[in-house]
Amino acid sequence: FAKEVAVQLKKVIPCRRIGLSVIGLEVPHAHIHLIPINSIDDMNFSKTKLFFTPTEMTELQNFILSVS
C-alpha cells in the first residue's frame with residue numbers, strides 16, 4: 001500500500017523521489033513516513049520543516065485521489 005501512495009505522491013509533488021522512514025517509537029503500532037525529497041538531507045528530522053495546515057492536507061489528499 002505504501003508504494004501505491006508513494007507513486008501517487010510523486011505524481012503531484014515535485015520531487016526527485018519519495019523517501020520512506022519507519023520511525024516513531026512513541027506510538028503503539030507500526031507506521032511509516034513517506035517523504036518527498038530531492039536529497040537525503042531532506043529526511044533530516046532535526047531540521048525545522050514547513051508543515052501543511054489541515055486544509056492544505058485535505059486539498060493534497062483530494063488531489064492525490066483525483067490522479068489515480
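The buried residues of helix 1 (2-12) are covered by elements that include strand 1 (17-21), strand 2 (33-37) and helix 2 (54-67), where buried means under 20% relative accessible area with a 1.4 Å probe, counting protein chains only. Helices here are DSSP runs of H or I with at least four residues and strands are runs of E with at least two, numbered from the N terminus. The model is a predicted one, in which local features need pLDDT of at least 70 and side-chain atom pairs count only at pLDDT 80 or more, while totals for chains, interfaces and linings use all residues. Residues are numbered from 1 along each chain as its sequence is written, and side-chain values use heavy atoms, with hydrogens and water left out.

Within helix 1, the buried residues are Ala6, Gln8, Leu9 and Val12. They lie on the same side of helix 1 because they cover an arc of only 165 degrees around its axis, the arc being that of the directions from the helix axis to the C-beta atoms. On the other side of helix 1, Lys3, Glu4 and Lys11 are exposed, a term that stands for over 50% relative accessible area.

Seen as a whole, the protein chain holds two helices and two strands, which follow the pattern α-β-β-α when read along the sequence. The C-alpha trace of the protein chain spans about 35 × 30 × 25 Å along its principal axes, and 21% of the 68 residues of the protein chain count as buried.

Notes:
Contact means heavy atoms within 4.5 Å.
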